[in-house]
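Work through the exercises below with the sequence and the model open. Try each task before reading its solution.

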Amino acid sequence: MAKEALVSFDVERIGDMLIQEASFFKGVRGQVDRLHKDLRAMQCFLEEANKKQEEDSRVRNWVSEIREAVYDAEDIIDMFILNAQSLGTHSFPERAFKKLTNRYKVGKKVEAIQLGLQDISNRRESLGIKNIGEGTSTSRSAQMLQDLRRSTPHAEEHVVVGLENEAYKLVNQLIGRDQRRRVISLVGMGGIGKTTLAKKVYNHTQVVEYFPDYRAWAYVSQDCRPRDVYMQIIKQICSSTKEQVEMAEKLQEHELGDFLHGHLKDNRYLIVLDDVWSPADWSCLAKKSSNDPDCLGSVFPDGGKGSRILLTTRYKEVASHADVHLKELGEKMVDKCNGLPLAIVLLGGLLSKNMSHIEWKKVHDNMSAYLAKEGQIAGVMTMLNLSYIDLPSYLKPCFLHLSLFPEDYVISTRKLLLLWISEGFVLQQDRQSMKDTAEIYLNELINRNLIQVVRTSVNARVMECRVHDFIQELAIEKAKEHNFIGTNIIVDPHLFPSSSPSLFSSKSRRQSIYSDFERYASIEHYSTPYLRSLLYLNLGGICRISQLDFITKCFKVLRVQDLEGLGIENVPSIIGELIHLRYLGLRHTGLKMLPLSIGNLRNLQTLDINNLKRVPDVIWKITNMRYLYIEEQEEDDPLKIDTVQNLQILSGITFNQWIRNNSSKLTCLEKLKIEGRCELVEEVEFSNSIAKLHSSLKSLPPSLLECDPMPILEKLPNLLTLRLRAGSYLGKEMHVSSDGFPRLQILQLLRFKELV
């Protein structure tokens, strides 16, 4: 499904390029259009193919061939646009000749791809791959994973040391004095030990004594079937005779719910529902059993006898439906064994063998591989793979993108969301900004326990996050399967001597560098001409680079370049040739000047830089810019930005620069951060410019005002966040009318000593 999702994104991107760059395709438009249609047609078979590829290597290769064809098409189109753009500097006769040559070459390459697609299509039927139908059958491998995950309360369990306190608290929740029926949830990522803890308390002496007759354990799984769950419970409650069970098996699902309800309503019961995957599954299981007026409206009735339902789940949305959330237990379990007791169980079994020091060192250096191998098919990665399989297609590229970050790396969510947008992973939603949509994607991955929250803001938005080691291993494994990433590079002089040839795949689309960038720059890169994303991630220490020319020369179709934290002396003017660049991150680089040629980056959506001496007055040319971060400018030179009508975030513009632009043209602006001092003579102009802003503005942190800004700001109809920090207002009073700030959610006034 990840391959299907990635292919879909790339095919849609090709379609977007055909629309946006229509002027470049004269002479080859028909061929490229047909290729796009052929690729879209192949998408129809990918869902069926993905169900088969885990069991059949031929199908797996077939899917890979489609992916490679899409990559090839994307590369051809990107290079064709790049070459067409470069012809502007040639004389007319030379330009005309090169245009014909380029069209002929791209025509031949497109023809070759189409022949390859025809061959791929011809082999489809022999592999048993059909068009997408109405069915949603699960592949054998996915079913096998679910079968392996299937739990029973009596299965032999390895002892996980250190959960005694957690078990004690949970037992008290189950046998407490509250006589209402209570739903208790255990939530956490796969392998964290939820089921182990649930089994421990299910079989605890006090629990068995408290629920002597009506105690049942039911495994739910991704493929939730209420009838199967009800039958698991009915077969375990002791008052159910063989005849009653046989009768129950003949009932319809809603009748079975009535039957179970009738057995439970006058008794104290404990039901464990292990591995609930969605709120909808829980609602379906606990739904109204029938229209019988005697029913209490739920399969699991509240008879006032102290009954309990214990849920284990990977998803916070499911836990939100419970009466008691044992989140603190999950957090303590995370602390045990770096978050995965299951991993330690397997590792302990491995290291209990007679092993030499060298063998132990091998295990240490590649722990995940050893665990998966020694645990065989039920290893850690196999268990976690269930969470990956369950991801919707739009989340899979975002999850795979996490493979670019090193172990234990704290990720800025602001940057992460902008990277996802620049990569094209975020779908445009009606009346919702792409950044808001990206934040929804992030929260979905957090709720699925695939991303861990490190820090939140005052309004509970996630500011920093990280990925668990084993989740990251899963992301890397999946990403490498289809060239989503190349090797994540920790450059070592022994691994990459300057004389060694390039070790990177020509199909690598993304690379991240974790250490010596200077050495990385010295490596031969001409074997990866189609790299789309290059990230430098500073893991501490000082690293500098004197020349960045190699990036433009070697990676001509680059879309994302983030070099935050890398010491940079200058950016070469040839950066303006990277016409496909969408994201340029140069924060904390020490860079003081940008070349005027950045105005040629017409597809740039995000520019993130700080501490420049001055921002070149060419931003007005970059009409696709959406997110502009230019904080802490040293000089206050004029900066025209009112032609950039797609701009959504503007952070770091000075008062002087702001009031010289026509703010009424910035109709998409949602967040504005203004820096510097506003002189008294400029305050009227500032107030007028704010009053002209479109109603989409949601956040505004102004600075150094002498007149009360509230009478103007309170009239902004969609303002959600207003931050005024020490010194941003120099007056002694602020006045707000009773109907001002109709949508304001957050107001921060920090250290205003002059206010009375």
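**Exercise 1: a glutamine**

Q657 counts as buried, because its relative accessibility is 2% and the cut-off for buried is under 20%. The model is predicted.

Task: Find the place of Q657 and the residues that Q657 touches.

Solution: 
- Step one: locate the residue. Q657 lies in helix 25, residues 655-659.
- Step two: leave out residues up to four places away in sequence. Q657 then touches Q633, D636, D637, P638 and L639.

**Exercise 2: a helix**

Task: State how many residues of helix 20 are buried, and which ones.

Solution: 
- Step one: count. Helix 20 spans residues 413-423, and ten of its eleven residues are buried.
- Step two: draw the conclusion. Helix 20 is therefore largely enclosed by the rest of the structure.
- Step three: name them. The buried residues are T413, K415, L416, L417, L418, L419, W420, I421, S422 and E423.

**Exercise 3: a charged patch**

Task: Is R751 buried or exposed? Which residues form a positive surface patch with R751?

Solution: 
- R751 sits in the segment after strand 21 (746-749).
- Step two: classify. R751 counts as exposed because its relative accessibility is 62%, and exposed means over 50%.
- Step three: complete the patch. K671, R725 and K753 form it with R751.

**Exercise 4: the whole chain**

Task: What share of the chain is buried?

Solution: 
- Step one: list the elements. The chain has 27 helices and 21 strands.
- Step two: read the share. Buried residues make up 52% of the 756 residues.

Key:
Residues are numbered from 1 along each chain as its sequence is written. This is a predicted model: local features need pLDDT of at least 70, side-chain atom pairs count only at pLDDT 80 or more; totals for chains, interfaces and linings use all residues. Side-chain values use heavy atoms; hydrogens and water are left out. Helices (H or I, at least four residues) and strands (E, at least two) are DSSP runs, numbered from the N terminus. Buried means under 20% relative accessible area, exposed over 50%, partly exposed in between (1.4 Å probe, protein chains only). Contact means heavy atoms within 4.5 Å. Patches are made of residues with over 30% relative accessible area and no salt bridge: like charges are joined within 9 Å, nonpolar side chains (Val, Leu, Ile, Met, Phe, Trp, Tyr) within 5 Å. Accessible areas come from the Shrake-Rupley method with a 1.4 Å probe; for residues, only the protein chains shown count as cover. A salt bridge is a side-chain nitrogen of Lys or Arg within 4 Å of a carboxyl oxygen of Asp or Glu. Lys and Arg count as positive and Asp and Glu as negative; His and the chain ends are not counted. The place of a charge is taken as NZ of Lys, CZ of Arg, CG of Asp or CD of Glu.
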